[in-house]
Structures are given as C-alpha cells and as structure tokens.
Amino acid sequence: MAMIEVSNIKKSFGQVEVLKDISFEVNKNEVVAIIGPSGSGKSTMLRSLVHLEKIDGGSIAVEGDYLAKDGVYRSQLETKRVTTKMGMVFQHFNLFPHLTVKQNLELAPKLVKKDLSVGLRKRTDELLAKIGLTSHANAYPANLSGGQKQRVAIARALMMDPDILLFDEPTSALDPELTGEVLQVMKKLAEEHMTMIVVTHEMGFAREVADRVIFMDNGEIVEEGPPSEIFTNPRNERTKAFLMRSL
Ligand code: ADP
Ligand code: MG
C-alpha cells in the first residue's frame, strides 16, 4: 500500500484552475522532490495534502485512510486522524514567536496528544540534539538565525512522530550560507528512511537525495522519474526548458 495516494485531484481559486487532475503515489521510505516554476501549484498541492486547502475533486489517502474521496471530506475526527500522520515544514518557518524553542516543540503534542509525560521531555531533548540546538532550548525564535529557525521547524514537525514529512521550499527564505545546515538535517532524515515530499529549487539536493522527481507546470504533473533520468535526459520540452533555466 502507498504511503500517500493522490488521485485526480482538482482545485480552483475562483475561475483559475490551479490543480488539474493531479495523480501520484509516494511509497514508504521514499523521498520525492517536486520541482517546477513559481505558480505551478506546488504549494497548493502540498497544502491540500494536509487539509490547509480543500480540493474540489479527486481523492487523497494516507496509508489507505482517506482524507477526501471523490472530493468528499469525512468527519472532523477522521480528518484529524489522517492529517496527524503528516508533518509540514514551511518556507517561512511559521514558529510561534512568543514561545521558546522548547515550547514550540512541545505545543502540538501537548494540545493534540495531551502528552505531558517524561516521554515528551525525552523526545524534545532527542530532537534538539538531532538538529544541534540543545543549547538553544530556551531561546526565542527572534534570537535564532534563519537556518536555526528552520531546523527548529523540522524538529517541531517530528515531535508528532509523523509517518511522512512535507517540505515547501524549506530553504528558499534563507541566505545561501544557511541552506546547507537545513539540507544536511533533511539528508540525515532521508538516510534514516523518513518518507518525505520536498518541494524545492535546490536541484543539487533533489539530484542527490530524491528517489524520484516530479516536475509540475501549470497545475499538472508533466513528467516524473528518477533524478538520473529527469536531470540528464528529460523527455518533455517543458521539463527541458525549466531545467535549462534552473541548473
Ligand atoms: P507554487 O507553489 O508552485 O508557486 P502555488 O500553489 O502557490 O504555486 O500557486 C498556484 C496558483 O494559485 C498561482 O497562480 C497562485 O497565484 C494561485 N493561488 C495560490 N493560493 C491562492 C489563494 N489563496 N487564492 C487565490 N489564488 C491562489
Ligand atoms: Mg510555492
């Protein structure tokens, strides 16, 4: 069974159809990179997976559990059950500015799982160590660099122990010298076989870390395949033109 199965999803904002019949699957332990020009629908697609946007048609299932089937959503409880299988990391970090690093990490587990146990503290400490920010546990986001903020955002997503992590251009808001430390954390997660969907402009990362690359343009999946094929031998003219501009 696929970790995520997306079938024929459609989404319009007003008259503009932003997602036109998108279908793909992501398997367990797979890293899928999504590339494509600005405005092609990448963010809308990711946001639809975690129910930050509502699709107009089609189906989304996580481990066989439907978020929406043929455009019909389920109860709030069922929706929550599906969306908590996923963690999301945004371009602009979206940390809570009034909370410390540690409080940012522990907020969702406390709210959702009502987990106030020793286990939670242990998990917080482990993840702070994993992102190399143990000494910043009590710092506020304003006192962190962009790279540190994004590492915190990744740890925060991991706190809920998701089965799949979604990244929406996680390094696009960072100064070039700070992208490496974030990509390094993501690479480590990939090596630990975390299932990930990564929308990115970092072609080097996609090439090195992704198992599969999906090229989106104008609300459609134009081409997909292993990085070795997409980057060295793209078949579609739109993929070729995009890569010419990006590489
Ligand atoms: P990408 O992430 O590939 O740059 P987006 O998913 O952000 O693309 O946007 C796809 C299209 O949908 C764009 O034309 C954008 O202007 C439009 N769009 C995105 N969000 C909204 C919204 N909330 N309301 C209206 N139009 C939107
Ligand atoms: Mg986007």
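Mentor: Start with contacts, meaning heavy atoms within 4.5 Å. Take those in the protein chain between residues at least 6 apart in sequence: 63% join residues at least 24 apart. This is a predicted model, where local features need pLDDT of at least 70, side-chain atom pairs count only at pLDDT 80 or more, and totals for chains, interfaces and linings use all residues. Residues are numbered from 1 along each chain as its sequence is written, and side-chain values use heavy atoms, with hydrogens and water left out.

Now look at burial. A residue is buried under 20% relative accessible area, with a 1.4 Å probe and protein chains only. In the protein chain, 52% of the 247 residues are buried.

Next comes the core itself. A nonpolar core is a set of buried Ala, Val, Leu, Ile, Met, Phe, Trp, Tyr and Cys residues joined through side-chain atoms within 4.5 Å. The largest one has 47 residues. Ile-154, Phe-167 and Met-196 touch the most other members. Zoom in on Ile-154. Set aside its neighbours within four places in sequence. Ile-154 then contacts Val-89, Phe-167, Val-182, Val-185, Met-186 and Leu-189. A second core is separate and has 31 residues. Among them are Phe-24, Tyr-73, Met-86 and Met-216.

Step back to the whole chain. Its C-alpha atoms fill a box of roughly 50 × 45 × 35 Å along the principal axes. The radius of gyration, taken over C-alpha atoms, is compared with a globule rule of 2.2 Å times the number of residues to the power 0.38. The protein chain has 18 Å, which agrees with a compact globule because 247 residues would give a value near 18 Å.

Key
Chains lettered and ligands numbered in written order. Buried < 20%, exposed > 50% of the residue type's maximum accessible area, 1.4 Å probe, protein only.
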